[in-house]
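Trainee: Let's look at this one together. I'll ask, you answer.

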Amino acid sequence: MDNILEVSDLEIMLSADQGTVDVIQSVSFKLAPGKTLALVGESGCGKSVTAASILRLLPRELEITRGSILFRSPDSGEVTDIAKLAPRGSAIRDLRGNDIAMIFQEPMSSFSPLYTIGNQIGEVVQLHRKVSKKEARDITAGLLDKVGIPDAWAAVDRYPHEYSGGMRQRAMIAKALSCDPALLIADEPTTALDVTIQAQIVELMQELQQEFHMAIIFITHDLGVVAQVADEVCIMYAGRVVERGQVRDIFHEARHPYTRDLLHAMPRLGNLEEELVAIEGNVPGLFDMPTGCRFHPRCAAFMADTCNVRTPDLTQVSGSHIVECHLYD
């Protein structure tokens with residue numbers, strides 16, 4: 001296994017009062033060391049749930065019922081099937097923060113307001129690196145300085161509310177990088193920030209990726225960011241990967257109607273006369289999934305008695321470019 005991560009036929013089930021339902025269905029992708037994979041789709045498409053399953057951070061009502069999540073240790077080369085690890089066991093705790101780290105969507109809720117930033121990052125450093133409190137403080141200050149926090153030594157003793165939104169996100173990145181992870185999962189790290197800060201955070205992550213040679217899973221609904229950071233893209237809809245390919249395939253040779261609709265809804269600099277086209281309808285609810293292709297109620301290319309009857313097969317259109325659509329069966 002040359003890839004650092006291989007997710008195959010992942011299925012996640014939700015148990016609720018109304019019954020059980022597949023939240024994630026037949027999701028597969030691979031990620032090589034030093035590369036960036038973008039998971040893209042509207043809110044509710046299953047991007048964050050897929051990412052949380054890699055760290056076994058799913059809530060109790062969600063359970064992995066099928067598939068594998070193979071992670072290869074960059075040090076030993078040992079391959080671990082994360083899907084088989086106990087969610088609260090020591091094996092997954094060793095991986096979390098150490099080999100696999102995560103930048104959560106909202107940094108304000110990811111830091112406790114009761115403790116200083118330095119205390120919270122230093123705790124992670126002490127846990128995984130087995131260093132003294134003073135050494136952890138020195139490492140924390142160095143990390144804050146590396147991610148661009150002004151006057152890092154003083155910033156160590158500040159509380160989260162004393163940081164701006166952009167600084168909190170940088171501190172969250174510092175926390176994620178505290179143990180030199182081989183895989184970084186970034187769950188919409190630029191969503192709550194203004195455009196200028198977004199660009200700074202994206203640039204920072206690219207610089208750190210080159211320095212540490214880590215693989216990144218970048219979760220976003222912003223295709224503009226995807227074009228800038230990703231090597232490969234997975235388009236997700238209603239818990240399924242409907243199209244997967246290199247970034248140039250997705251932007252220049254998009255095949256799935258949903259991917260095309262997302263691209264048409266993206267504003268382009270200089271195209272002032274081109275009207276943005278909104279995608280009609282909404283992502284279906286978990287207990288209201290349509291039969292057949294899950295996108296067919298919103299699809300302009302809908303074919304009666306086909307799209308609404310059976311789920312399309314995955315079709316390889318070229319190289320690593322794969323699409324799940326009856327147009328290419």
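Trainee: What volume does the largest pocket have?

Mentor: This is a predicted model, where local features need pLDDT of at least 70, side-chain atom pairs count only at pLDDT 80 or more, and totals for chains, interfaces and linings use all residues. Residues are numbered from 1 along each chain as its sequence is written, and side-chain values use heavy atoms, without hydrogens and water. A pocket is an open set of points on a 1 Å grid where a 1.4 Å probe fits, with protein on both sides within 12 Å along at least five of seven lines. Volume is the space filled by probe spheres set on the points, and for the largest pocket that is about 560 Å³.

Trainee: Which residues are closest to the centre of the largest pocket?

Mentor: Lining residues have an atom within 4 Å of a point. The largest pocket has 21 of them, and the closest to its centre are Arg 96, Gly 97, Val 124, His 128 and Lys 175.

Trainee: Which element gives the largest share of that lining?

Mentor: Helices are DSSP runs of H or I with at least four residues, and strands are runs of E with at least two. Elements giving two or more residues include helix H2 (90-95) and strand S6 (100-103). The largest share, five residues, comes from H4.

Trainee: Is strand S3 (residues 36-40) mostly covered or uncovered?

Mentor: Buried means under 20% relative accessible area. Thr 36, Ala 38 and Val 40 are buried on one side, Leu 37 and Leu 39 on the other. With five of its five residues buried, S3 is mostly covered.

Definitions and conventions: Buried means under 20% relative accessible area, exposed over 50%, partly exposed in between (1.4 Å probe, protein chains only).
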